[in-house]
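User: I am new to this structure and would like to learn how to read a few of its features. Could you take me through them one by one?

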Protein chains: 2
Amino acid sequence: MLLSRHLFSKVNQHFISQLERVLGKEAVKITTGEAGENLHDWRRHVGRIPDVIVVPKDVGQVSAVLKTCNESSIPVVPFSTTTGLDGFANTPEKGVFIDLMSMDKIVEVNTSDFNCFVEPGVTHETLNQHLHKTGLWFPGDPGADASICGMAAMGASGTKAARYGTMVQNVLNLEIVLPNGDVLYTAGKDRRPRKSAAGYNLTKLFVGSKGTLGVITQAAVRLYARPAICSVGICPFQTVNKAIEAVVATLQCSVPIAKIEFLDAATVAACNHYSKLTLVESPTLFLEFHGNSEAEVAEQASLVGEIFASNDGREFTWYHAPEEQKKIWASLHSAYYAILSQKNNVKGLRIHFSLPTSALAKEVAETRKDIDESNIFGAVMGHVGDGRFHCIFLVDESNQDEMKVVQELSDRIVKRVLASGGSCMGERGIGISKRKYLENECGEVAVNTMIAIKKALDPKGIMNPNELFPKN
Amino acid sequence: MLLSRHLFSKVNQHFISQLERVLGKEAVKITTGEAGENLHDWRRHVGRIPDVIVVPKDVGQVSAVLKTCNESSIPVVPFSTTTGLDGFANTPEKGVFIDLMSMDKIVEVNTSDFNCFVEPGVTHETLNQHLHKTGLWFPGDPGADASICGMAAMGASGTKAARYGTMVQNVLNLEIVLPNGDVLYTAGKDRRPRKSAAGYNLTKLFVGSKGTLGVITQAAVRLYARPAICSVGICPFQTVNKAIEAVVATLQCSVPIAKIEFLDAATVAACNHYSKLTLVESPTLFLEFHGNSEAEVAEQASLVGEIFASNDGREFTWYHAPEEQKKIWASLHSAYYAILSQKNNVKGLRIHFSLPTSALAKEVAETRKDIDESNIFGAVMGHVGDGRFHCIFLVDESNQDEMKVVQELSDRIVKRVLASGGSCMGERGIGISKRKYLENECGEVAVNTMIAIKKALDPKGIMNPNELFPKN
């Protein structure tokens, strides 16, 4: 079963006039086809130049755009902050790109229900500034100041997922414009109960659907009480293995740590250089503890301290001042750029993977060993509290030999992760095609089931085509 | 858009022979059509008598049964413990019922990853006995000793959802036999990472799909560390309103209470009588606190005590011994029967609803007031920690006047719950049709989207027909 690939760009005067009638002339930008007009994301994945970029102001306009595009079978790619790293907003198809950043209202905050409704132009930092006086916050934070609706579309995890869950847990309801222009409320309009079992769970289906089933125009998300106390601790280890074993032991004791981030020695060195830090350059764990009282945080820290000590962890360095903490996390958020800055004229190719806790120590250590034994400069880091890792390889894309080595390295790591019950996500630009990778991971029946759903909800295949189920 | 309703029972000798060839003769029971052969659930919802009941032993046999039924367009209804309350296993269609209780293996327990794989015949009590020595447990518990796969199919919440989440959060992977006999692993075969974003989230789509998209033959679920300390406290209140306001304040302080159950005075009285308790007969909250230390539980209890006192809560009664606690919860689990026992020759009709925290106090108090002002005997109780409530009305179904009053009462409550952003689930046997109720709650576009998914995955409409999207 394959998706229909017969999409043509039929952007003619009549089509443009239709869009202009709906949105107003100023909100319809026709590209000239010159280089530089293509979108690129933070990793500089560059797609084709779209035919048109439209800037709708509300859900009605998005609906009209989709209806118009659907009638003419013209591909549609929604985007907002373009802070993603996996090029999902960079379709290889031409067509209409929808810039959702003008829809930037915080529609409703229900402080006593711990939830709020936001439009696609609202980022988590903007929302948290807005919430400042309420004592609540939205803990989701993938590093960049991403759109919350975009995070929902991507099924983002964020660095604090170990304690607060991922977008799958935190999205309560979505307003979606379907390809035919219909407006869907995945949990019912204005509905925000703590639980519903009415029909199929459409909310969770759309979270992580990456713009392939419709355009998210509003998201209701869960908020949390902002913790009274927040401490950050950094602990270097002798070896990758010991660091990860300490994480595993901590997870198995169910300590509710907000963040556990791992950087290997190469990444720490890159961050020291790039962000002017003076960290010990060895495999290191960065932790954030949240609590309602000093005592609560102290109890967590003491338990983790014991676990780390018994895994040859060195001394913790503690950061209590918000400004210091902010600096630490900002440097981790820039780790990708820090690594990139280590070499000239290279591109950073990434693999993400997610592992069962029990496989973490072995897999991460073997991955690091594989990289060491290759001639490739590679860094390993991860949101280990949630079992997730990234590898970044610096490669000269014009060097065929190097690309081949990276390909083999990547294949080997992916194969081993899958064999140990893990998941490989966003393996893009390296190696196997995404369809094949999806099949490897989920099986042919799962991919066929996903394609059947895609066809049912987007029969003409206009939504973010070539994502998830590419041609090859 | 309506589902095809042209299903016919084509159970002939050829079809039976096909089933017998796959399963063996002893595993294919042909009904004689006599009363009593129909399944009924705990609420005695009675469906039609099936043509055949089959007892498969493994996923291969389930696959062969579905393939055979699909080829002949014969309806299929899977069932296991039949401990449900909403009649989902009681299709009004004839056809093949699949008894999954013989598939009762605990396939795999991964203690260091906190998860396990179980077949449909495994109940949560069986699993927890099996896990006893590991220090882990599965906290899901809807009251009855239900099948874990069945709980996944129903999207069950369980009484400890406030702390441990519902099946939506706790199911990690499902093995599903699709209507055409294909075997789907929603998160990939043997895969159990802590997070995956590979394609659409099929796991969450199938959780709560109520046997309408396929047969769950295995579930991987999350396990938790069994808490070292568990205390149960009971606190009576002056009024319904004050009790629920105390719950709201507790939820808003993010105290991680394992259970908060509410019984109104009528239910407490019924439980006293039925379970031989001596509780104060006023609106009452039943709480369970979990923690790793006495100090942790004491801190939670002290905070909650303050909140309750400021809402005119009376004295807490504490139960520390496991046997005492078990007795309390057993009596709450029997509350439905306790209420039923209050009158002779009546049926208990229920409405469930789920509310945003901020609407809880007002809605529950008004619901209680509505019942008081009617001539109907009604009880209100709820898993309030999760924002969920049940009303039970005792009615003589042959009394048309009484049925009319219950109908109006139910309509009024449902309407108000929906207006305050809540959800009404399982409103069955009373009032509006389920399709209309689904539309009221989710909107027409959502119901059409669900039907499109149903059609895509079950084109012949054989799986649990008339569920979710009935004819009327």
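This is a predicted model: local features need pLDDT of at least 70, side-chain atom pairs count only at pLDDT 80 or more; totals for chains, interfaces and linings use all residues.

User: Where is Asn345(A), and is it buried or exposed?

Analyst: Asn345(A) belongs to the loop between helix H12 (335–340) and strand E16 (347–354) of chain A, and its phi, near 55°, is likewise a positive value in a residue other than glycine. Asn345(A) is exposed, because its relative accessible area is 73% and the cut-off for exposed is over 50%.

User: How should I read the helix H2(A) itself, and what caps its N-terminal end?

Analyst: The general idea is that an α-helix has 3.6 residues a turn, so residues three or four places apart point the same way. Helix H2 of chain A covers residues 59–71, and its 13 residues reach 18 Å from the first C-alpha to the last, close to the 18 Å expected at 1.5 Å a residue. At the N-terminal end of H2(A) the cap is Asp58(A), which has a side-chain oxygen 3.1 Å from the backbone nitrogen of Gly60(A). The buried residues of H2(A) include Val62(A), Ala64(A), Leu66(A) and Cys69(A).

User: What can be said about Ser354(B)?

Analyst: Ser354(B) is part of strand E16 (residues 347–354) of chain B, and it counts as buried because its relative accessibility is 0%. Ser354(B) and Val384(B) are 30 residues apart in sequence, while their C-alpha atoms are 8.8 Å apart in space.

User: How many residues take part where chain B and chain A meet, and how much area is buried there?

Analyst: The contact involves 73 residues from chain B and 74 residues from chain A, and the two chains bury about 5,800 Å² between them, with 57% of it on carbon and sulfur atoms. Across this interface the rule finds zero salt bridges, whereas six residue pairs are in polar contact. On the side of chain B that touches chain A, H16(B) gives the most, with nine residues, and by class that side has 33 nonpolar, 25 polar and 15 charged residues.

Conventions:
Residues are numbered from 1 along each chain as its sequence is written. Chains are lettered from A and ligands numbered from 1 in the order in which they are written. Side-chain values use heavy atoms; hydrogens and water are left out. Helices (H or I, at least four residues) and strands (E, at least two) are DSSP runs, numbered from the N terminus. The expected span of a helix is 1.5 Å times one less than its number of residues. Buried means under 20% relative accessible area, exposed over 50%, partly exposed in between (1.4 Å probe, protein chains only). A polar contact is a pair of N or O atoms within 3.5 Å; within protein, one must be able to donate a hydrogen and the other to accept it, and residues adjacent in sequence count only if both atoms are side-chain atoms. Contact means heavy atoms within 4.5 Å. Buried area is the accessible area (1.4 Å probe) that two parts lose on being put together, summed over both. A salt bridge is a side-chain nitrogen of Lys or Arg within 4 Å of a carboxyl oxygen of Asp or Glu. Ala, Val, Leu, Ile, Met, Phe, Trp, Tyr, Cys and Pro count as nonpolar, Asp, Glu, Lys and Arg as charged, and the others, Gly among them, as polar.
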